Amino acid sequence: MSEKQPRISYNSARFLLSAPTITQCPTDSGSEVAFAGRSNAGKSSAINTITNNSKLARTSKTPGRTQLINFFTLNVPGCRLVDLPGYGYAKVSKEVKTEWQEHMDEYLHARESLKGLVLVMDIRKPLSDFDTMMLEWAEASQLPISILLTKADKLRSGAAKNLLAKIKSELKSFEYLASVILFSSLKKTGVEHAQNQLDKWLMEDINSENETPVESET
């Protein structure tokens with residue numbers, strides 16, 4: 001009998017460490033999914049909602065306060081969530097932004113355990129310059145990307161769905177776009193959809209290892 005397939009419990013997420021540079025990140029093994037978003041897009045709230053832990057990722061009224069790469073462990077060994085800093089809207093110096101971009105570029109291109117990127121956008125202000133930059137980085141790194149359209153509760157249902165369709169249409173040329181999800185931390189909209197996307201990325205290697213080869217009929 002085969003071993004029972006492990007399942008990720010996002011409630012199990014726990015802080016692991018903060019790293020200012022890629023050299024101080026955890027060992028590059030296993031699987032991790034990173035969250036990126038323009039400051040004030042609701043990234044920390046989205047992480048906290050997905051993990052059902054309001055204190056996991058720091059939320060702040062000061063945009064761009066998080067300036068480190070934050071790692072969180074999960075109950076399945078080797079699986080991690082990563083909170084990337086967002087300076088797209090922050091009042092920080094040009095030198096700091098340039099340095100962050102260098103670290104981000106290295107992380108997205110060189111991190112072999114990175115299986116996917118969740119790009120968080122405020123549905124009322126989608127596809128900013130920062131968002132476009134992240135999409136282009138993901139494309140250049142051949143990294144699958146999922147978009148969370150946060151604060152969907154701020155719009156009427158019809159308007160939100162129209163924006164969803166419009167953004168999907170505008171991004172249809174991006175080869176590595178995996179999904180676009182309407183999301184609301186307040187109403188818990190899109191949480192299960194987001195978790196399912198994370199499952200696919202984080203469990204991909206484990207699932208492939210546990211697959212039983214199918215013998216062809218002769």
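In which sense do β2 and β4 pair, and over how many bridges? I looked this up and found the parallel sense, over 5 bridges. I note that the model is a predicted one.

Strand β2, residues 31–37, is joined to strand β5, residues 114–122, by 6 bridges, and the two run parallel. I looked up two positions here: A34 has L117 as its bridge partner in β5, and F35 stands opposite V118 in β5.

Then I traced the whole sheet. I found an open sheet of 7 strands in the order β1-β3-β4-β2-β5-β6-β7, and its pairing is mixed. At the edges are β1 (14–19) and β7 (177–182), each of which pairs on one side only. From one strand to the next, the twist averages 20 degrees.

I looked for a helix against the sheet. Helix α1 (residues 43–50) packs on it and touches β2, β4 (79–83), β5 and β6 (145–150). I noted an angle of about 140 degrees between the direction of α1 and that of β2.

Last, I went back to β2 for its side chains. Are the residues of β2 buried or exposed? I found 7 of its 7 residues buried, so I take "buried" to mean under 20% relative accessible area. In a regular strand, side chains alternate between the two faces of the sheet. In β2, I saw S31, V33, F35 and G37 point one way, while E32, A34 and A36 point the other way.

Methods: Residues are numbered from 1 along each chain as its sequence is written. This is a predicted model: local features need pLDDT of at least 70, side-chain atom pairs count only at pLDDT 80 or more; totals for chains, interfaces and linings use all residues. Side-chain values use heavy atoms; hydrogens and water are left out. Two strands pair if DSSP finds at least two bridges between them. Helices (H or I, at least four residues) and strands (E, at least two) are DSSP runs, numbered from the N terminus. Axes are lines fitted to C-alpha atoms, for helices over the stretch in contact, and angles run from 0 to 180 degrees between N-to-C directions. Contact means heavy atoms within 4.5 Å. Buried means under 20% relative accessible area, exposed over 50%, partly exposed in between (1.4 Å probe, protein chains only).
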